[in-house]
Structure formats: C-alpha cells, structure tokens
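Hi everyone, thanks for making time.

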Amino acid sequence: MTSTAVASYQPVPAEPAPRPVGAADGLPVFASDGADGLDQAAAAGLLAELAMHRRAETPLSVGIFGPPGSGKTRFLATLLDAAARLGAAAGAAAGTTPFLSRVVTARAEAVPGRNAVSLLVDAVLSSLAEAHPAFAETAVHAGSDPREAARLAGERVNALRRALDGERQTLDELSSRRARLTDAVLFDASGSRLDGFARANRGRIEARLAGFGIGSGDPVRTYKELVRQGAEAGGGSRLGLTLRALWAYEGQGRLLVLAALLVALGWAAGAGADNPDAVASWLAGFGDRFTAATDWGRAHLDLLQPVSRIAFALAALALLADVVRAARFLGPIFKGAALLKGDLAARRRDLDGLLAHQTRRVDGLAAEAEAAGHGAEAAQRRAEERRGGGGLSDHGAALAGELFGLARTPEIAADGFFAELSRGMAAGAEGAPERVVMALDGLDRLPAAEAAALLGAAGRLLARPGFALVTALDRDAAAEALGETDPAGAASRLDRAVGVSYDLRAAGPDVSALAGRLLDPRVAEERAAPAVDGTRSALDRAHEPYEAELVSRLAPFAGSTPRAVKRFVNAYRVARADPRLARAAPACFAMLALGLALDGAGAGSELAGFDADVARGRVTVDPASEFGRAFAAAIGTVGQEAAAADLRRGLAVARSYGRRG
C-alpha cells in the first residue's frame with residue numbers, strides 16, 4: 001500500500017448574509033411539490049441543449065434518475081421549458097445558432113391501465129399536430145393499411161354527411177319554430193304569462209267580449225286572437241284595433257250615430273235660439289193643420305237654448321260612453337300584448353341562442369365533411385397507387401390475411417407512424433420538424449409489467465433518427481420492472497435503454513440548504529429561469545489539450561466493448577459542460593473522467609471510500625488495484641498537485657452523470 005499525498009483543504013465557512021427586516025413578507029406559507037425549491041435549472045438547461053443541439057446524433061435517450069419525491073417531474077418540466085426557449089432563441093438567431101429551431105416537444109404521463117403504444121402516439125401526435133398538421137397527417141396515413149384507411153375514410157364521410165343532414169333538419173325546425181313563435185306562445189304554450197292572465201281573468205274578458213257582440217267560440221282563444229292583432233309589428237295594427245273598438249263592434253256604432261244626431265239637434269236648436277223670428281216664420285209655414293203645435297212652438301221659443309245645451313251634453317255623454325267602452329275592451333288586450341311581448345322576448349332569446357349554436361354546428365359539420373371528403377379521395381388514391389405499384393391484389397391480400405393475419409395491429413400502425421416521422425425529419429420534408437423531444441414521466445406509478453411494457457415500447461418506437469427521449473425513472477423500480485421478464489438481463493436492458501444519465505439524488509442539494517432556501521425571501525429570484533443564449537452552447541466549449549489524453553488513458557477502464565467506450569466518451573462530453581465545472585481546475589476533469597470510467601465497473605464502494613478519504617485530507621490508494629491504476633492514470637495526466645475540493649467536485653459531477661448513480 002502506498003500513500004498519495006493530497007493537498008490539505010480546510011473549507012472556510014461563509015458568513016451568513018444578514019436577514020432583512022420583514023424577510024418573510026410575500027413568502028408562501030406552504031410549499032407545494034411542484035415548487036420544490038431545488039436548483040436544477042442549470043442541469044436541465046444543459047440536457048435541453050443536448051437534446052436541441054444540431055450536432056447531437058439521434059436517436060438520443062436521456063434518463064433522469066431519482067427516487068420518488070426527488071423532483072423528477074419538476075426537472076422534466078424545466079427541461080422542456082428550456083428546450084422551448086432554446087428553439088425560440090435559435091429561430092431568432094437564424095444561421096448563427098448551434099441549436100435546431102423547428103423542434104416539437106411532447107410529454108407523456110404514464111397512466112395505469114393505459115396502452116403504452118397509444119400513450120406514446122397520442123402524446124407525439126397531439127404536439128405535432130399543433131405546429132405541423134400536414135406532416136402529422138402524412139405520418140398517420142403511413143401507419144395504416146391504405147385500403148382499410150380508404151374504407152374507413154369513406155365510412156366517416158358518409159357518417160358525417162348523415163349527421164350534417166340531421167343537423168340541417170334541426171336547424172330548419174328551429175327556424176320554423178322562430179317564424180311561428182307568436183302562434184306557439186299564444187296557443188301552444190300553456191305556461192306563458194299571457195295564458196295565465198287570460199285564464200285568471202276569463203270571466204271579465206268573456207263579459208267584455210260579449211258586450212261587443214264577440215261571444216262565439218272559446219273566449220280565451222278569441223281574446224288571444226285580438227292580442228295577436230294588437231301585438232303585430234308596427235303601430236298600424238294597434239291603431240286599427242283601437243278604431244274598430246270605437247265604432248265597428250256591437251253598440252259602438254249606435255253610440256256614435258246617436259252622438260251625431262244629438263250634435264245636429266244641438267246645433268239646430270242653438271241656431272234657432274239665435275234667430276227666433278226665422279224660426280217663427282218657419283213654423284208659420286206649416287199652415288192651419290198644425291196650428292196648435294206651431295203656436296206652442298212660437299210661444300216657447302225660449303226653450304231652444306236649453307235644448308241646444310242638453311243635446312250637446314247628451315252627445316258628449318254618448319261619445320264618452322263609446323270611448324269608455326272601447327277603453328275597457330282594449331285594456332285587457334293591450335295588457336295581453338305587453339305580456340306577449342315579454343314572453344316572446346324570452347323565448348326569442350333562447351331560440352336565437354339555439355339557432356346560433358345550431359348554425360355553427362352545421363357550418364362546422366359542413367367544413368368537416370368537406371375536409372373528410374378530400375381526405376377520402378386522397379386515401380382512395382393512395383390505395384390505388386399501392387395496388388398499382390406491385391402490391392397484392394384484393395384476392396391475394398385476402399388470402400394472405402387468412403394465412404398470416406395481415407390485419408394491422410396498433411403496434412404495427414404505430415411503427416409505421418414513427419418510421420414515417422423519422423424519414424420525413426431525416427429528409428427535411430416540407431412541413432416537417434427537425435427533431436421531436438419526448439418527455440416520459442410517471443413510470444413510478446405503474447405496475448412492474450406495465451412499466452416494462454412502456455419502457456420497451458418507447459425504446460422500440462423512438463429509437464429512430466430525429467427523436468430525443470427523456471425518461472424520468474426510479475432506478476431500482478425500473479430494474480425491478482425489467483426484471484419481471486428477464487431477471488438476469490434487467491441491468492443491461494436498462495443500460496441499453498438510457499444513453500445519457502443524470503442522477504438527481506447525486507446532484508441534489510443538502511437538505512439543510514434546501515430548508516433554508518425555502519425560507520429565504522430571495523428564493524423566487526434564485527429560481528427564475530436563466531436567460532437563454534441561442535448563439536452558443538456549453539457543449540461546444542473547446543477541449544483543453546490534456547482532455548484527449550485523459551479520456552484515452554481512462555477509456556480501457558470503462559469497458560472492453562465499443563459500446564462501453566462510446567458511453568464513457570458521451571457521458572464525459574456532456575458532464576464536462578456541467579455548470580459546476582465552470583472554470584474548474586484540471587484535477588476536477590481528471591476525477592470526472594475517473595468516476596465515469598469506473599462507473600460501470602462496480603467500483604462504487606471504492607469511489608465512496610476515496611471521497612471520504614479526500615474529505616479527511618489523506619488518501620490511501622492501492623496501486624495494484626483497478627482503482628489505483630485508474631487514479632494514477634488520471635492524476636498523472638493532469639499533474640500530482642491537486643486540491644481536495646477539486647477532487648471532490650469532479651467526483652460529485654461524475655456521480656450525477658454516472659449510470660450507477
């Protein structure tokens with residue numbers, strides 16, 4: 001055993017900042033799980049840069065590891081937000097950016113009992129359809145049997161047209177109801193206010209109608225007919241009804257004639273009183289036959305003036321009686337017209353709303369039916385092209401279906417869908433995105449068999465160029481799920497499913513620091529989303545001269561297979577850009593490479609012991625051991641002098657990106 005001296009390191013605790021008065025003002029009184037206070041935005045931003053970088057080869061698979069409650073869901077949300085902001089910044093930066101701008105971000109939340117394939121297809125399709133609908137449509141058709149798609153499209157068109165006919169009939173019925181609304185409220189709506197008024201005052205209305213000679217049939221219906229006449233649009237109908245009430249109905253005409261006769265009598269009597277001599281001469285002209293009468297008249301010419309006044313008074317009374325009778329007759333009618341107007345306004349408002357809704361529904365169905373018709377024509381053309389391009393005939397397809405079960409399963413259709421997406425992105429098809437970033441969360445809630453099925457489906461369907469998959473996993477739960485079907489190969493299957501790892505438990509803050517931050521009034525400022533620079537990436541930071549030699553010397557310790565070496569190099573490329581290594585000493589990168597190289601070799605206990613020794617300020621390494629030789633290679637590349645803090649910082653970052661955590 002030999003001892004390798006390590007520079008002593010005594011951390012100097014920083015003096016706490018004075019707490020301002022009233023610091024708790026404005027702080028939440030309860031911290032939700034979503035607002036966990038963890039400072040992982042920088043790491044999430046780095047992984048978002050990896051997923052969005054145009055020189056990152058795809059398919060890319062990133063695993064976010066951590067036990068329940070470690071903040072995986074929050075980390076995924078932060079990563080997707082950073083990816084969206086990077087895409088916007090890249091679009092604004094035009095050709096001076098290392099990032100892709102046309103990127104679709106999708107999120108799938110695992111649900112117990114939900115089919116894994118449909119979950120993935122729905123998540124990608126719903127996000128893709130927002131910005132790239134035409135490309136999504138093409139990919140959907142690629143995942144289906146052309147003849148079956150043509151048949152289903154035709155059936156959908158027929159169903160839409162039947163539904164459209166039904167909705168149009170409903171619209172016509174509503175229009176007809178609106179046109180007949182007055183009659184409906186008057187004669188069919190027994191619960192209307194007008195109907196209630198008419199039935200409550202039936203006796204009074206019937207008596208007044210009878211007084212005007214309107215007594216045949218149902219008096220309530222007759223009354224409603226009169227109300228309709230008085231409520232018709234414009235003032236002509238109401239004026240005409242008023243005039244008829246004054247002279248046309250029974251008794252009213254006699255009163256008017258009587259008033260006219262009395263007026264004539266009053267006028268004649270008044271004229272005679274003003275010229276009695278003329279009246280006397282006129283009476284004398286009747287001769288001796290009427291002598292008695294004419295003599296009495298000449299003797300009483302002084303009565304002409306009172307007679308005139310009485311005649312005029314009686315004429316006025318006759319007119320007043322006519323008006324009063326008409327007013328008593330019209331009062332209930334105009335009252336009913338006002339009630340009818342209110343009933344019509346309420347019913348018309350409801351009908352107008354129904355008509356507007358039904359019109360929109362008919363218009364929407366018409367547009368949908370038209371679009372479906374175009375889609376059916378396109379599906380039919382695809383089916384004919386497939387038949388004319390050397391495919392099986394209908395008879396041959398039927399025979400093959402009987403022999404081999406040619407009907408497409410959801411898995412086969414989904415495979416065609418994702419394959420078409422990948423081909424379109426690789427070929428730069430019109431309307432296609434440049435990359436699809438898929439976040440998969442919630443596997444911890446699934447039973448082991450369903451979690452394994454979802455991991456397998458995601459690995460199979462998204463393992464294509466153009467896709468970046470980011471999965472939140474509990475490492476132990478995922479290994480247990482994969483071990484349900486293959487206990488011996490569970491670890492290797494999980495290793496193959498994840499290309500880049502990030503362990504939240506290894507990167508998480510000290511719980512004491514977290515508790516203090518939750519009570520810090522500046523926590524909102526600290527957790528604000530960092531600014532995005534779309535013109536450069538931390539992954540493009542130039543390598544130091546010693547890094548190539550360092551990685552080359554430690555590569556043999558990572559494994560003997562090309563896959564193991566490639567994983568080691570990829571993990572180092574990503575981890576070296578971690579913000580915790582900004583302006584770090586070479587010893588940090590040496591320990592980073594050492595930790596990543598030994599990550600898959602089962603050297604976790606030795607690394608933990610080494611970390612503890614570094615913390616105590618003394619390191620003892622066996623030069624004959626695997627760890628000792630790797631340590632010597634790492635330190636020998638960057639120099640023997642290294643501060644303890646640098647060694648520990650490099651190992652901490654290595655634990656974050658290691659596959660074993």
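Before the pairs, one cut-off for how open a residue is: buried means under 20% relative accessible area, exposed means over 50%, and partly exposed is what falls in between. And please keep in mind that this is a predicted model.

Let's start with Arg580. Its relative accessibility is 28%, so Arg580 counts as partly exposed. Its partner in a salt bridge is Asp578, with 3.0 Å between the closest N and O atoms. Asp578 is buried, at a relative accessible area of 2%.

How many salt bridges are there by this rule? The count comes to 16.

Now to a pair that spans the chain. Glu434 and Arg102 form a salt bridge, and their closest N and O atoms are 4.0 Å apart. Glu434 sits in the loop between α16 (410-427) and β4 (435-441), while Arg102 sits in the loop between α2 (72-93) and β3 (103-109), so this pair ties together parts 332 residues apart in sequence. Both ends are partly exposed: Glu434 at 23% relative accessibility, and Arg102 with a relative accessible area of 40%.

Next come the two strands themselves. Asp441 makes a salt bridge with Arg107, where the closest N and O atoms are 3.1 Å apart. Here Asp441 in strand β4 is linked to Arg107 in strand β3, 334 residues apart. Is Asp441 buried or exposed? Asp441 is buried, with 3% relative accessible area, whereas Arg107 is partly exposed at 31%.

Note on methods: Residues numbered from 1 in each chain as written. Predicted model: local features only at pLDDT ≥ 70, side-chain atom pairs only at ≥ 80, totals over all residues. Heavy atoms only, no water. Salt bridge = Lys/Arg side-chain N within 4 Å of Asp/Glu carboxyl O. Helix = DSSP H or I, 4+ residues; strand = E, 2+ residues; numbered from the N terminus. Buried < 20%, exposed > 50% of the residue type's maximum accessible area, 1.4 Å probe, protein only.
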